[in-house]
Amino acid sequence: MKNAFVIAAASSGSGKTTLSLGLMRALSRRNVEVQPFKCGPDYIDTQYHRIATGKDSINLDLFMASESHVRKLFDTYSSTSQVSIIEGAMGMFDGFDGMEGSAADIARKLNVSVILLINAASTSFSVAAIIYGFTRFCPDVKVAGVIFNRVASSNHFSFLEDACRATGVACFGYIGKNDELRTPSRHLGLSLESQKRIEKFVDRAAFETENTVDIDRLLNATIIPDRKIEIQDLHKRNLMVAVARDEAFNFIYPVNLDAFHADIVYFSPLHDRMLPKADLIYLPGGYPELFAAELEKNLELRRAIKEYAEAGGKILAECGGMIYLTEEIDGKKMCGIFPVKTSMENAHLQLGYRKIVFDGFEISGHEFHYSDVRDTIGLPSIARQYNIRGKEVSTPVYRFKNVIAGYSHLYWGETDILNLWR
């Protein structure tokens, strides 16, 4: 027997991550193999998922990937687990274009049920209208049942149960109002201290979930049939890719690493003094601004990366990885490959899906950053970027010899990223 479901909510901030982590850890404690997934491009919730389950969480994103690719990802990764939990993003029907790409859209295209999480703070029977609307708005999305969050008491819950009965929708329980269930800061990195805080939060979420959510009833309502998986024999290239991964650089899609079809070696720009031998260096996004002083102190590795670049070595750098290749961030020296400076001063958020068009090559991605690049006069962009409406945005992509870097996080799960250097 296998189970799969999407955890969705009426809006952001309802507690999807708390419930997702609570269920993941509670089931893992039962020795159930849980495969986590995340709707959309988010890197941080997936790191929480890995802490809760010990497994890489896989992003299911219908903008950055085709529907057939998303189906294949889900079928492949869920095939080795008993329960697949997909954490939604934003509200249940909030997609990149109307409903398209939303948690509800993922659920119907994968033919799995939704568990609707409702924030019940400061309301009671009125949730009946929310339940009625969310379960009937799109008939081809099956809502298996409801779980309530931030419930004040068992008496409060009784009114919420009445609302479920009035709408004919199953109620699987609730999570009580608890100040200890505040999701840890999303700006933590992967330090041991931050991992301990997340671990404590996950344990607390699991405890609350086990106490007041009927997990067995939920599982009985979310059974899916076995799916046939096509086994593909993918031959590795004769290629070594060095991937930066530490507290400062950790925004990585596991599927991207698989799509290299190469041997992978990890290194730390924070802690390692030598650069591993590689045919390509991948510097993903992360939090270099939080570790700028430590990165500056590691002069040996900064020099090694610059020498590698000047010798014609291939480097792909995204967002935080790009920042690391500039001259500095707020006065802290970086690798100095690109003659620009980055700063967090007067930071403002820039975000959105992107289509990035190079000369004869197109790829999708997602932009999310607060920092700015300064002193860019004379440094042209080698690509043009467009938002979901097809409007061109000013975000650049830089190139120095075989070094390609930009703010957008790229997704190449179903394409060959080496085409960037053809």
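1. Within strand E25, Leu-410 is the bridge partner of Gly-365, and three bridges in total join strand E19 to E25, the two running antiparallel. Strands here are DSSP runs of E with at least two residues, numbered from the N terminus, and two strands pair if DSSP finds at least two bridges between them.

2. Before going further, please keep in mind that this is a predicted model, in which local features need pLDDT of at least 70 and side-chain atom pairs count only at pLDDT 80 or more, while totals for chains, interfaces and linings use all residues. Residues are numbered from 1 along each chain as its sequence is written, and side-chain values use heavy atoms, with hydrogens and water left out.

3. The pairing of E19 with E25 belongs to an open sheet of five strands, whose order is E22-E21-E18-E19-E25 and whose pairing is antiparallel. Strand E22 (392–393) and strand E25 (409–411) are the edge strands, each of which pairs on one side only.

4. Strand E18 (residues 350–358) is joined to strand E21 (residues 384–386) by three bridges, and Ile-356 stands opposite Gln-385 in E21. Nine bridges join E18 to E19, with Val-357 having Glu-362 of E19 as its bridge partner. E18 and E19 form a hairpin with two residues between them, and Gly-360 in the turn has a positive phi of about 85°.

5. Is strand E19 (residues 361–369) largely enclosed or largely open? Seven of its nine residues are buried, so E19 is largely enclosed by the rest of the structure; buried means under 20% relative accessible area, calculated with a 1.4 Å probe on protein chains only.

6. Ser-371 lies in the loop between E19 and strand E20 (372–374), and it counts as buried because its relative accessibility is 2%. Its side chain makes a polar contact of 2.7 Å with the side chain of Tyr-407, a polar contact being a pair of N or O atoms within 3.5 Å, of which, within protein, one must be able to donate a hydrogen and the other to accept it, and residues adjacent in sequence count only if both atoms are side-chain atoms. Leaving aside residues up to four places away in sequence, Ser-371 touches Ile-323, Ser-343, Met-344, Gln-350 and Tyr-407, where contact means heavy atoms within 4.5 Å.

Definitions and conventions:
Helix = DSSP H or I, 4+ residues; strand = E, 2+ residues; numbered from the N terminus. Buried < 20%, exposed > 50% of the residue type's maximum accessible area, 1.4 Å probe, protein only.
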